[in-house]
Amino acid sequence: MGQQTVDPVIAGWAAGFRPVRDGEYFPPHSPGCVGCGPANPHGLHLAVRRHGEGVQAEHTFDDRHTGAPGVAHGGAVAMAFDDLFGFLLYLLGELAVTRDLRVSYLAPVRLNAAYMLRADHGARVGRRIPVSAELRNHDNVVVATAEATFVVVDTHHFTRAAGR
Ligand SMILES: CCCCCCCCCCCCCCCC(=O)SCCNC(=O)CCNC(=O)[C@H](O)C(C)(C)COP(=O)(O)OP(=O)(O)OC[C@H]1O[C@@H](n2cnc3c(N)ncnc32)[C@H](O)[C@@H]1OP(=O)(O)O
């Protein structure tokens with residue numbers, strides 16, 4: 001592999017990630033991120049804050065994410081989990097991407113109802129970071145869970161992926 005130059009746009013984006021204090025909200029992954037970006041009209045607009053060594057978000061799925069009538073699409077629920085996991089990286093100080101994601105849908109997730117998402121990470125092994133999460137309804141019942149493996153990458157991963 002020849003010498004690679006880090007694209008300044010990608011390097012600047014990666015440098016913008018910083019840890020936050022307990023209870024504080026994180027900045028979005030990017031303005032256009034479909035999970036948390038405020039500029040994406042189709043996105044979930046997740047607002048995620050630090051909770052100890054984990055992260056959490058209160059979230060209400062709306063009609064844009066309909067699956068069966070009145071119920072959130074499973075893909076939208078998976079997206080919420082995946083994006084939530086992306087905030088654990090701020091705490092870990094690592095650039096990493098989802099290698100696999102498994103969601104268990106235990107009960108329908110209703111539209112226009114408030115839910116609480118919570119995610120935690122395990123210890124890094126090699127380049128792998130195991131993460132897990134729960135989605136609870138307002139009665140504190142777990143309605144979905146997720147587990148994923150994130151793999152640590154460098155900024156060149158994003159440079160290549162963006163075709164730069
Ligand atoms: C600065 C700090 C703040 C940063 C804070 C924000 C950062 C940035 C956030 C962007 C926003 C996030 C938003 C949500 C998260 C996405 O949505 S990420 C996007 C979706 N994911 C992707 O696009 C990833 C696509 N996949 C890939 O590019 C490549 O497969 C990967 C993941 C880089 C791995 O490829 P590779 O580098 O060739 O690695 P490979 O040798 O195959 O395996 C690496 C390791 O994983 C293990 N592994 C492979 N497959 C598996 C598997 N299925 N299960 C378990 N382990 C596996 C291998 O055994 C190996 O382990 P070690 O030997 O290192 O211990």
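This is a predicted model: local features need pLDDT of at least 70, side-chain atom pairs count only at pLDDT 80 or more; totals for chains, interfaces and linings use all residues.
Trainee: OK, what volume does the largest pocket have?
Mentor: The largest pocket has a volume of about 460 Å³.

Trainee: And how many residues line the largest pocket, and which lie nearest its centre?
Mentor: The lining of the largest pocket is made up of 21 residues, and those nearest its centre are W13, F17, H29, L89 and A96. Two or more lining residues come from each of helix 1 (8-15), helix 2 (74-92) and strand 3 (96-105).

Trainee: Which element gives the most to that lining?
Mentor: That is helix 2, which gives five residues to the lining of the largest pocket.

Trainee: How do the lining residues divide into nonpolar, polar and charged?
Mentor: In the lining of the largest pocket, twelve residues are nonpolar, five are polar and four are charged.

Trainee: Switching to cysteines: how many disulfides does a search of the whole structure find?
Mentor: The search finds zero disulfides. For C33, the nearest cysteine sulfur is that of C36, at 3.6 Å, and C33 is in no disulfide.

Trainee: Are C33 and C36 buried or exposed?
Mentor: C33 is buried, with a relative accessible area of 14%, and C36 is also buried, at 6% relative accessibility.

Trainee: Now R50, where does that one lie?
Mentor: R50 lies in strand 1, which runs over residues 49-51. With 17% relative accessibility, R50 counts as buried, because the cut-off for buried is under 20%.

Trainee: What does the side chain of R50 have a polar atom close to, and at what distance?
Mentor: A polar atom of the R50 side chain lies 2.7 Å from the backbone oxygen of G52. Setting aside residues up to four places away in sequence, R50 touches V20, R21, D22, G23, E24, F26 and L91.

Trainee: What about H59, which strand is it in, and is it buried or exposed?
Mentor: H59 is in strand 2, residues 54-60, and it is buried, with a relative accessible area of 7%. Not counting residues up to four places away in sequence, H59 touches L44, L46, A113, A114, Y115 and L117.

Trainee: Which strand holds Q56, and what does Q56 contact?
Mentor: Q56 is found in strand 2, and it is buried, with a relative accessible area of 12%. Apart from neighbours within four places in sequence, its contacts are A47, V48, R49, H51, L84, M116, L117 and R118.

Trainee: Last one, where does N40 lie?
Mentor: N40 lies in the loop between helix 1 and strand 1, and it is buried, with a relative accessible area of 13%. A polar atom of the N40 side chain lies 2.9 Å from the backbone nitrogen of H42. Leaving aside neighbours within four places in sequence, N40 is in contact with P31, G32, C33, V34 and H45.

Methods:
Residues are numbered from 1 along each chain as its sequence is written. Side-chain values use heavy atoms; hydrogens and water are left out. On a 1 Å grid over the protein atoms alone, a cavity is a set of points where a 1.4 Å probe fits but cannot get out, and a pocket is an open set with protein on both sides within 12 Å along at least five of seven lines; lining residues have an atom within 4 Å of a point. Grid points are joined across faces, edges and corners, and a volume is the space filled by probe spheres set on the points. Helices (H or I, at least four residues) and strands (E, at least two) are DSSP runs, numbered from the N terminus. Ala, Val, Leu, Ile, Met, Phe, Trp, Tyr, Cys and Pro count as nonpolar, Asp, Glu, Lys and Arg as charged, and the others, Gly among them, as polar. A disulfide is a pair of cysteine sulfur atoms within 2.5 Å. Buried means under 20% relative accessible area, exposed over 50%, partly exposed in between (1.4 Å probe, protein chains only). A polar contact is a pair of N or O atoms within 3.5 Å; within protein, one must be able to donate a hydrogen and the other to accept it, and residues adjacent in sequence count only if both atoms are side-chain atoms. Contact means heavy atoms within 4.5 Å.
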